[in-house]
Each structure stands twice: as structure tokens, then as C-alpha cells.
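Me: I have a structure open and want to talk through how it is put together. Can you take my questions as they come?

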Amino acid sequence: MNHPRPKARLSRALGIPLTAKCVRYVERRPYPPGVHGRQRRKTSDYQVRLLEKQRLRHQYNVSETQLRRTFDEAARGTGKTGERLVALLERRLDAVVHRAGLARSIYQARQLVSHGHITVDGRKVDRPSYRLRPGQVVGVRERSRERLPFQLAAAGAQRGDGPGQPYLSVDLTGLRATLLREPARHEVPVVCDEQLVVEHYSR
């Protein structure tokens, strides 16, 4: 999904870096973009909840319709709705590709999936919203393995410095990852108070 706003401006508006390149822009100017970005503005409860919803939406690069549909599904399930919502988003194919280190950002992950470079259990899947089930294996098509993004991924250049996610079994050399189980909220590196998102949609 394409956004008309540059990632740096969007990151500053949300208060969180959406990509690795945006980190320095947010640190250098930790206030919203625009002429009045530095001015203090009164915040309402609605604005606080809306901001959290927008943070969650943009970290997964999903549309408002997709997020609302996922929330409705989470609300029908068991357990805490907010934690269930994050777990459902984290099981999206583009999110797993990103977390596994096969793409440097969620935006690149979406593009790689849409262009048909990714497989699930050996079959090509070109829907970023495809939701994985525990035990399914994500891989890269044989004809795509020689492309530069995947060569960098195999070398570990896009995995980052973190320890990785315990709900994923990743083999970067083989360019594949397996979803072991449902992600727990504390294991998902998403900056968001999901309870405020629930309150926003439940108002």
C-alpha cells in the first residue's frame, strides 16, 4: 500500500521511526512536521487513541479497512482483543517476511510478496495479507534467489541486531522461515498501546 507522505514526515507525525533510515530524522527533529510542529497543542482522549491506531496501522502498512476487519475478527475471538489483534497482524505474510530478515522493511516485504518472489509451503503466494498458520514454511522462489535483496538477506544484512522472534524458526542461508506458534504480545516488536486501539474502535 502506497502512502502519499514521505516516510520521514510520516514517522515524525507518528513519533516513531517506520524504517531504519527514518531513525535519524526522528531523533534530529522529535516533533511533528510542518510550520507549527514545535508548538504545543492540546491533546484530547480521541486524539491519543487515534494516534495509537495510526501507529499500529502504519507499522504493518495496512489500510484502515484491513485494520478494521482484523479488529472485528480479534473481537470475536477469545482472550484480550488488543493482544489478539497484534497476533493476527503479525501472522500476515509480509510481516513474517520482514521479521525473518528476508526484507529490510515492511514496505519492501509487501513488494516482494506482491511481485511473486515468496512461497508458502512451496507454493507461490502473492497476497501480503495471507495469514500464516503455525507450521507453515515461508521461502523464496528458486528463480528469485539470485536477486540482490535475497543475497543480502542470506548474508544476514537485513536481520538487524535483535535476537529475533522466538515464534519464528529462521534459516537465512536457506532463505526460509517457519512460523512455530502464535506470537505472544511481549514478543512482537511493535510500538503501540493496543488497549487504546481497542478503545478507539469500541467508542
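Me: Which residues in H5 and H9 meet?
Reply: This is a predicted model. In H5, Thr81, Gly82, Glu83, Leu85 and Val86 make the contact, and their partners in H9 are Glu194, Val197 and Val198.

Me: What classes of residue does the contact of H5 with H9 have?
Reply: By class it has four nonpolar, two polar and two charged residues.

Me: And at what angle do the axes of H5 and H9 cross?
Reply: Roughly 105°, and the axes come within 8 Å. H5 is therefore roughly perpendicular to H9.

Me: Why quote both an angle and a distance?
Reply: Because two packed helices are described by the angle between their axes together with the distance between those axes.

Me: OK, then how do the axes of H4 and H9 cross?
Reply: The axes of H4 (residues 64-76) and H9 (residues 194-202) cross at roughly 95° and come within 11 Å. So H4 is roughly perpendicular to H9.

Me: Which residues of H4 and H9 meet?
Reply: Glu64, Leu67, Arg68 and Phe71 on the H4 side, with Val198, Tyr201 and Ser202 on the H9 side. The contact of H4 with H9 has four nonpolar, one polar and two charged residues by class. Val198 of H9 also takes part in the contact with H5.

Me: While we're on H4, is Thr70 buried or exposed?
Reply: Thr70 lies in helix H4. Thr70 counts as buried because its relative accessible area is 10%, and the cut-off for buried is under 20%.

Me: What does Thr70 touch?
Reply: Leaving out residues up to four places away in sequence, Thr70 touches Leu85, Leu88, Leu89 and Arg131.

Me: Now H3. What span should H3 have, and what does the model give?
Reply: H3 covers residues 45-59, and its 15 residues at 1.5 Å a residue should span 21 Å. The end C-alpha atoms are 22 Å apart, which agrees.

Me: Which residues of H3 are buried?
Reply: Glu52, Lys53, Arg55, Leu56, Arg57, His58 and Gln59.

Me: What do those buried residues pack against?
Reply: Five helices, listed here: H1 (7-14), H4, H5 (81-90), H7 (106-114) and H9.

Me: What follows H3?
Reply: Asn61 does, with a positive phi near 55°.

Me: Let's step back. How many helices and strands are there?
Reply: The protein chain has nine helices and five strands. Along the sequence the pattern is α-α-α-α-α-α-α-β-β-β-α-β-β-α.

Me: How much of the chain counts as buried?
Reply: 46% of the 203 residues.

Me: What about contacts between residues at least 24 apart?
Reply: Among contacts between residues at least 6 apart in sequence, 55% join residues at least 24 apart.

Me: What is the strand order in the sheet?
Reply: The order is E2-E1-E3-E5-E4, in an open sheet of five strands with antiparallel pairing. E2 (123-124) and E4 (168-171) are the edge strands, and each pairs on one side only.

Me: How many bridges join E1 to E3?
Reply: Three, between residues 118-120 of E1 and residues 137-140 of E3, which run antiparallel. Val120 has Val138 in E3 as its bridge partner.

Me: And E3 with E5, how many bridges there?
Reply: E3 and E5 (residues 176-179) pair over three bridges, in the antiparallel sense. Val137 stands opposite Thr178 in E5.

Me: That leaves E4 and E5. How many bridges, and which residues stand opposite each other?
Reply: E4 and E5 pair over four bridges, also in the antiparallel sense. Leu168 stands opposite Leu179, and Asp171 stands opposite Arg176.

Me: What is in the hairpin of E4 and E5?
Reply: There are four residues between the strands, and Leu175 takes a positive phi near 55° in this hairpin.

Me: Last topic, Pro17. Where is its place?
Reply: Pro17 is in the loop between H1 and H2 (23-28). Pro17 counts as partly exposed because its relative accessibility is 39%.

Me: How far apart are Pro17 and Val191?
Reply: In sequence they are 174 residues apart, and in space 9.8 Å apart, C-alpha to C-alpha.

Notes:
Residues numbered from 1 in each chain as written. Predicted model: local features only at pLDDT ≥ 70, side-chain atom pairs only at ≥ 80, totals over all residues. Heavy atoms only, no water. Pairing = 2+ DSSP bridges. Helix = DSSP H or I, 4+ residues; strand = E, 2+ residues; numbered from the N terminus. Axes fitted to C-alpha atoms, helices over the stretch in contact; angles between N-to-C directions. Parallel < 35°, antiparallel > 145°, perpendicular 65-115°, else oblique. Contact = heavy atoms within 4.5 Å. Nonpolar A, V, L, I, M, F, W, Y, C, P; charged D, E, K, R; others polar. Expected span 1.5 Å × (residues − 1). Buried < 20%, exposed > 50% of the residue type's maximum accessible area, 1.4 Å probe, protein only.
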